[in-house]
Amino acid sequence: MHAAHNVSLKPYNTFSIDVAAETFYHITTEEDLITILAAQKDQELFILGGGSNMLLTKDIEQPVLHLDLKGIYIISETEKDVTLKVSAGENWHDFVIYCINNNYGGLENMALIPGNVGTAPIQNIGAYGVELKDSFYSCTATHIQTQETRTFSKVACEFGYRNSIFKNQLKGQYIITSVSFCLTKKDHVLRTEYGAIKQELETNKIDNPSIKDISEAVIAIRQSKLPDPKELGNSGSFFKNPVVDLAIFTTFQKNYPQAPFYKISDLEHKIPAGWLIEQAGFKGKRYGDAGVHKNQALVLVNYGNATGKEIWALAMKIQQAVLDKFGITIEAEVNVF
Ligand code: EPU
């Protein structure tokens, strides 16, 4: 298998940042993946999936492995549910639409999330009251050093809010090659309690929604709020919503009684970073080609030719302003290289 050299990564990251890969492998089979890993032993590698959750701030010197494994397979099926195995390189949204078209329920609230299936478990993607872990069955992954294949159950993945074992103890050790999902074929569990979905269904006078109705509501909401990476480079939420302890939350609520929040437990509250950033005055602001989206302040955007360093500088400026105003640190959700 041949490597390409000096390849622009602009088409391979949804932020549309133009950095170069010195060495670039396009991988379409697990055999090729194992061959390359074995050949590159002891060399640090850069694994590229859908490129939807990363900010590239410099040229990539280590070999880039662009993982493009395709295929959706039915593993088992009963009258009530189905288990599907999906290759890592399948586009997430296309897979969600495949499920809707086959009347497989569970992923409809996560329509239109950018990225590939293989990277979805790493940060336990989520939207509108649902997370990947809710339908996740297992995933297979190849160990970069030994090339051994391991299957991770849901428990083994240690999922949390935008978090998993692949971002912690096992960071940089495994490449996820496929993900299995357990989805419903009937008696779908519909999650419509999230405010915006409820409202969208009401507006369209839908009382008894199907999974297709929900996915369409989610698509409409996302399209109204979130920029399409094909039109405006972005990486979805740039920051995580901060989770604060009771002391910080009590002071915060006294000062900003109108602020939205989600209670996680008696001791922990999540505060929407989008709200904090908007209050700090950044919503819709533009600095050269780097900016903060006009409809959702949590999303940083590239108007065309912003460099990764410019986006990162803006992120740091926002982080400092939020800290100065609220005493709360917001952390990047995207991976920065
Ligand atoms: N808000 C503002 N100003 C803003 C943005 C939000 O005041 O500019 C307020 C909203 O009015 C609302 C609250 O913040 O009261 C929450 O906003 P929203 O419902 O848009 O959700 P979010 O917490 O900002 C999270 C996810 C999104 C996901 C949405 C919907 C994170 C980091 N982000 O955003 O995920 O689509 O919920 O479920 O948890 C992503 O990860 O890339 C992503 C887009």
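Relative accessible area sorts residues into buried (under 20%), partly exposed (in between) and exposed (over 50%), with a 1.4 Å probe and protein chains only. The views below show a predicted model, in which local features need pLDDT of at least 70, side-chain atom pairs count only at pLDDT 80 or more, and totals for chains, interfaces and linings use all residues. Residues are numbered from 1 along each chain as its sequence is written, and side-chain values use heavy atoms, with hydrogens and water left out.

**View A. Domains of the chain.**
The domain assignment, automatic or taken from a database, divides the chain into domain 1 (4–67), domain 2 (72–225) and domain 3 (233–336). Between the C-alpha centres of domain 1 and domain 2 the distance is 24 Å. To the contact (heavy atoms within 4.5 Å), domain 1 contributes 14 residues and domain 2 contributes 15 residues.

**View B. The shell around the ligand.**
The ligand is surrounded by 22 residues, a residue being counted when one of its heavy atoms lies within 4 Å. Tyr128, Tyr161, Ser237, Glu278 and Ala297 are the closest of these. By residue class, the shell holds 11 nonpolar, five polar and six charged members; here Ala, Val, Leu, Ile, Met, Phe, Trp, Tyr, Cys and Pro are nonpolar, Asp, Glu, Lys and Arg are charged, and the others, Gly among them, are polar. Domain 2 (72–225) and domain 3 (233–336) each supply at least three residues of the shell.

Polar contacts here are pairs of N or O atoms within 3.5 Å. Gly274 takes part through its backbone, with an N or O atom 3.5 Å from a nitrogen atom of the ligand. On its own, the ligand has 820 Å² of accessible area (Shrake-Rupley method, 1.4 Å probe), of which the protein covers 83%. Helices (H or I, at least four residues) and strands (E, at least two) are DSSP runs, numbered from the N terminus. On that basis, α5 (211–225), β13 (233–237) and α7 (273–279) are the elements that give two or more residues to the shell. The largest share, three residues, belongs to α7.

**View D. The loop between α3 and β12, with Ser164 and Glu158.**
Ser164 sits in the loop that joins α3 (154–157) to β12 (174–184). With a relative accessible area of 0%, Ser164 is buried. Beyond residues up to four places away in sequence, Ser164 touches Pro121, Ile122, Cys157, Glu158 and Phe159. Glu158, one of these partners, is itself placed in the loop between α3 and β12. Although not a glycine, Glu158 has a positive phi of about 50°. In contrast to buried Ser164, Glu158 is partly exposed, at 43% relative accessibility.

From the C-alpha atom of Glu31 to that of Ala141, 110 residues away along the chain, the distance is 13 Å. Asp42 shows a positive phi, near 70°, in a residue other than glycine. The relative accessible area of Asp42 is 71%, which places it among exposed residues. Gln43 is partly exposed at 37%. Outside its sequence neighbours up to four places away, Gln43 touches Gln62 and Pro63. The C-alpha atoms of Gln43 and Gln62 are 7.6 Å apart, with a sequence separation of 19 residues.

**View F. Tyr256 in the loop between α6 and β15.**
Tyr256 occupies the loop between α6 (246–255) and β15 (262–263). Its relative accessibility of 19% counts as buried. Apart from neighbours within four places in sequence, Tyr256 is in contact with Trp275, Lys325 and Phe326. Tyr256 and Phe326 are 70 residues apart along the chain, and their C-alpha atoms are separated by 9.6 Å.

Technical notes:
Polar contact = N/O pair within 3.5 Å; in protein donor to acceptor, adjacent residues only side chain to side chain.
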